[in-house]
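Please read these notes with the model open beside you. They go point by point.

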Amino acid sequence: MTHSPYLVSGSELWQWRSHARQQAAAAEIPLAEVDWLLQAVSQLEPLALRLESFKQQARIELERSLPQLDQLWQQRLEARVPVQYLVGSVPWRQFELQVSPAVLIPRPETEYLIDLAVAVGEQGDLTQGDWVDLGTGSGAIAIGLAHAFPHAQIHAVDVSEVALAIARANAQRWVGDRVQFYQGSWFEPLEHLKGQLSGMVSNPPYIPRALVPTLQPEVANHEPHLALDGGEDGLACVRQLMSQAPEYLRSQAVWLVELMAGQANTVIDLLRQHGAYEQVRSYQDLAGIDRFVLARRR
């Protein structure tokens with residue numbers, strides 16, 4: 001059942017926005033989040049919001065009443081619910097992805113995993129094989145790979161059924177049936193692909209367990225701990241990916257993961273000691289942090 005849109009005047013909405021921006025500044029929340037919320041409930045363009053030209057409009061249609069909009073905003077301020085969960089979506093690369101508290105919110109820095117995969121895939125003639133995104137969550141990486149490698153077969157695995165439902169919906173919207181989804185732990189559901197994979201890409205849980213409760217409340221209280229908790233030192237899942245991958249990767253295939261600051265050197269040492277990997281190196285994110293480690297299967 002669809003309801004009629006709620007109508008407000010431009011000046012009413014401008015007053016609401018001005019007040020919300022003051023509250024955001026006081027709570028040290030980026031002011032842009034107010035407009036993000038407004039765009040989610042209206043047809044207003046970013047430019048109209050930035051120039052405040054909407055203030056002159058006699059009436060603006062909203063999907064929620066102003067009191068309902070205010071309730072949402074209070075959740076952001078008081079409970080520190082991430083705005084991405086409030087609006088139910090997040091822009092990532094060229095996609096608008098559906099998200100809920102069942103999945104980690106895709107971060108801008110993770111976009112670089114796709115660029116790295118493309119760069120190394122093109123060098124090694126790996127763009128037409130089988131690629132896997134392990135711990136897919138919202139499906140962001142799998143969708144990025146499917147878009148970047150139109151002739152590859154993309155596989156995506158997650159242990160959470162709820163996360164997979166979201167990932168499937170996102171993939172269907174952006175890349176159709178290009179991604180095959182599997183429920184299970186890491187490589188477990190991919191027996192049929194042993195020795196065949198051209199690449200494995202993952203943004204695994206990598207926060208040391210004791211640090212999870214100390215993260216900012218938006219993360220610690222609202223994002224799924226399953227996707228954050230990397231065990232005692234944060235590298236439990238990374239070690240698993242490292243030990244299982246050689247059975248599944250073909251010669252010269254790509255092993256590529258995202259990490260937190262300070263973990264890259266340890267992971268590089270572990271990969272070199274393992275014996276199944278070569279050409280091991282780290283890459284920095286835009287903030288200059290060694291965030292990604294890439295290796296090739298010997």
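1. A charge sits over a ring if NZ of Lys or CZ of Arg is within 6 Å of the ring centre and within 35 degrees of the ring normal. Arg281 places its charged end over the ring of Tyr283, 4.0 Å from the centre. Lys55 lies over the face of Trp14, at 3.8 Å from the ring centre.

2. A word on the basis. This is a predicted model, where local features need pLDDT of at least 70 and side-chain atom pairs count only at pLDDT 80 or more, while totals for chains, interfaces and linings use all residues. Residues are numbered from 1 along each chain as its sequence is written, and side-chain values use heavy atoms, with hydrogens and water left out.

3. Next, the core. A nonpolar core is a set of buried Ala, Val, Leu, Ile, Met, Phe, Trp, Tyr and Cys residues joined through side-chain atoms within 4.5 Å. Buried means under 20% relative accessible area, exposed over 50%, and partly exposed in between (1.4 Å probe, protein chains only). The largest such core has 62 residues; Trp131 and Leu145 are among those with the most contacts inside it. Leaving aside neighbours within four places in sequence, Leu145 is in contact (heavy atoms within 4.5 Å) with Ile114, Ala117, Trp131, Ile154 and Val201. A second, separate core has 31 residues, including Trp186 and Phe187.

4. Now the aromatics. Rings of Phe, Tyr and Trp (its six-membered ring) pair if their centres lie within 6.5 Å; planes under 30 degrees apart count as stacked, over 60 as edge-to-face and the rest as tilted. This rule gives five aromatic pairs. In one of them, the centres of Trp131 and Phe149 are 4.9 Å apart and the planes stand at 45°, so the pair is tilted. Trp131 lies in strand S5 and Phe149 in the loop between helix H7 and strand S6, so the pair ties together parts 18 residues apart in sequence. Both Trp131 and Phe149 are buried.

5. Then the strands. Helices (H or I, at least four residues) and strands (E, at least two) are DSSP runs, numbered from the N terminus. Two strands pair if DSSP finds at least two bridges between them. S11 (residues 290-297) has six of its eight residues buried. S9 (residues 249-258) runs antiparallel to S11, with five bridges. S10 (residues 277-284) is also antiparallel to S11, over six bridges. Five residues separate S10 and S11 in their hairpin, and Gly288 in the turn has a positive phi of about 80°.

6. Last, Glu218, in helix H9 (residues 217-220). Is Glu218 buried or exposed? At 8% relative accessibility, Glu218 counts as buried. Its side chain makes polar contacts (N or O atoms within 3.5 Å; within protein, one must be able to donate a hydrogen and the other to accept it, and residues adjacent in sequence count only if both atoms are side-chain atoms). The partners are the side chains of Arg76, at 3.1 Å, and Arg80, at 3.2 Å.
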